[in-house]
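Subject: A structure for you to explore

Hi there,

Here is the structure I promised to pass on to you. Have it open while you read, and follow along with my notes below.

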Amino acid sequence: MQESAGNDPYGAYCEDGVPILVTALDAPEYRQKLLSQTLMPPPSTRVITLANQKGGVGKTTSTVNIAAGFAQQGFTTVVIDMDSQGNASTALSVDRSTSQLSMYDVMTDGCDLGKVLQECPHVPGLFVAPSTIELAGIDIELFQHSDGMHRLYYAISEFLRHYESPDYIFIDCPPSLGLATINSLVAADEVLVPLQAEYYSLEGLQQLRFTISKMKNSLNDQLNVSGILVTMYDARNNLSKDVYAEVYRAFPELVFQHVIPRSVRAAEAPSHQQTVMTMDPASPVSVAYLGAAVEIATHGADNRRICSSFFLSDNVSAQERTS
């Protein structure tokens with residue numbers, strides 16, 4: 001996994017034993033190298049939740065762009081928007097008005113997930129289950145229901161039973177530990193953790209480990225970790241490098257080799273109701289997301305990352321959770 005800059009013209013380098021791929025992500029040759037790779041479809045649908053209790057770490061941006069990357073590679077992909085802000089729905093340019101069926105109807109009324117899906121107009125093969133502002137009240141609506149934490153799991157299971165199964169389902173979560181996030185973790189096979197390359201993200205990682213471990217130990221013993229994706233990486237400052245290095249040293253088997261650079265283009269894309277993958281496919285951030293998609297496909301069901309070190313046992317103390 002470690003590689004020196006001299007051996008890789010595309011920018012992977014090794015510093016203090018920590019491999020980082022920031023690249024010349026703008027090198028056309030590198031994008032072509034990624035596009036030329038043959039990616040095998042998973043033997044069954046992979047359900048991946050992107051979760052982090054901290055806001056502003058790039059969950060939604062990563063969800064829509066990784067999903068678009070898979071769809072552009074020919075994989076049938078679904079994005080489930082579980083955030084009442086509906087930013088993933090907006091970025092994928094689908095109708096999220098309250099007159100349309102949405103995830104609120106799926107979660108409260110048992111609406112068929114297949115009837116909610118809308119195809120993204122910019123990316124063939126990418127389907128979206130939109131969110132509306134009504135989803136903000138989901139905690140109150142489901143609190144007293146015995147199956148309140150499993151509604152999404154049941155909806156996805158029924159969808160896979162009665163429709164042609166997609167290759168990937170990505171679930172975008174709100175930055176909180178309410179029932180929307182709990183449902184998303186219960187329904188998933190894997191959780192992908194976007195981690196902003198800043199100090200506060202490191203502080204929150206231990207608490208996030210506890211949360212995800214609690215889900216695995218009590219509600220979804222099949223939950224695995226797809227990996228930790230470092231986002232908003234700025235190669236010009238040492239803090240980004242230090243954050244990546246610290247996370248890598250703690251979880252070398254989980255950290256994505258591709259990091260997502262801080263990008264104005266990624267921030268602009270939603271205002272055009274697009275992903276950066278469609279608005280500017282040759283940009284460094286688009287190439288980074290394409291690389292992340294390749295890594296997810298490579299570490300598939302038959303070659304999962306070793307993630308046992310990420311999970312905490314039930315008897316971890318409160319002090320240890322935050323240390």
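Let's start with strand 7, where 5 of the 5 residues are buried, so the strand is largely enclosed by the rest of the structure. One thing to keep in mind as you look: this is a predicted model. In a regular strand, side chains alternate between the two faces of the sheet. Which residues of strand 7 sit on each side? Tyr168, Phe170 and Asp172 are on one side, with Ile169 and Ile171 on the other, and both faces are covered.

- Strand 3 (residues 46–50) pairs with strand 8 (residues 190–196) in the parallel sense, over 3 bridges. Ile48 turns up again here, with Glu190 as its bridge partner in strand 8.
- Strand 4 and strand 6 (residues 126–129) are paired in the parallel sense over 4 bridges. Val79 has Val128 as its bridge partner in strand 6.
- Strand 5 and strand 6 pair in the antiparallel sense, over 2 bridges. Glu119 has Phe127 as its bridge partner in strand 6. These two strands form a hairpin with 6 residues between them, and Gly125 in the turn has a positive phi of about 90°.

Helix 1 (residues 28–35) and helix 13 (residues 284–298) have axes that come within 10 Å and cross at roughly 30°. Angles under 35 degrees count as roughly parallel, and the two helices are therefore roughly parallel to each other. The crossing of helix 1 past helix 13 is left-handed. Which residues meet there? Helix 1 brings Tyr30, Arg31, Leu34 and Leu35, while helix 13 brings Val287, Leu290, Gly291 and Val294. The residues of this contact divide into 6 nonpolar, 1 polar and 1 charged.

A few residues in the loops deserve a visit too. Val255 lies in the loop between helix 10 (238–250) and helix 11 (264–268). Is Val255 buried or exposed? Its relative accessibility is 0%, and because buried means under 20%, Val255 counts as buried. Val255 is 29 residues from Ser226 in sequence, and the two are 9.2 Å apart in space, C-alpha to C-alpha.

Met232 is in the loop between strand 9 and helix 10. Its phi is near 55°, a positive value in a residue other than glycine. With 23% relative accessibility, Met232 counts as partly exposed. Gln273 is in the loop between helix 11 and helix 12 (276–279). Gln273 is not a glycine either, yet has a positive phi of about 55°. At a relative accessible area of 37%, Gln273 is partly exposed.

Finally, here is the chain as a whole. How many helices and strands does the protein chain have? There are 14 helices and 9 strands. Of the 323 residues in the chain, 55% are buried. Among contacts with a separation of 6 or more, 77% are between residues 24 or more positions apart.

Enjoy exploring, and write back with any questions!

Best wishes

Note on methods:
Residues are numbered from 1 along each chain as its sequence is written. This is a predicted model: local features need pLDDT of at least 70, side-chain atom pairs count only at pLDDT 80 or more; totals for chains, interfaces and linings use all residues. Side-chain values use heavy atoms; hydrogens and water are left out. Axes are lines fitted to C-alpha atoms, for helices over the stretch in contact, and angles run from 0 to 180 degrees between N-to-C directions. Angles under 35 degrees count as roughly parallel, over 145 as roughly antiparallel, 65 to 115 as roughly perpendicular and the rest as oblique. A crossing is left-handed if the near helix is turned anticlockwise from the far one by less than a right angle, and right-handed if clockwise. Contact means heavy atoms within 4.5 Å. Ala, Val, Leu, Ile, Met, Phe, Trp, Tyr, Cys and Pro count as nonpolar, Asp, Glu, Lys and Arg as charged, and the others, Gly among them, as polar. Two strands pair if DSSP finds at least two bridges between them. Buried means under 20% relative accessible area, exposed over 50%, partly exposed in between (1.4 Å probe, protein chains only).
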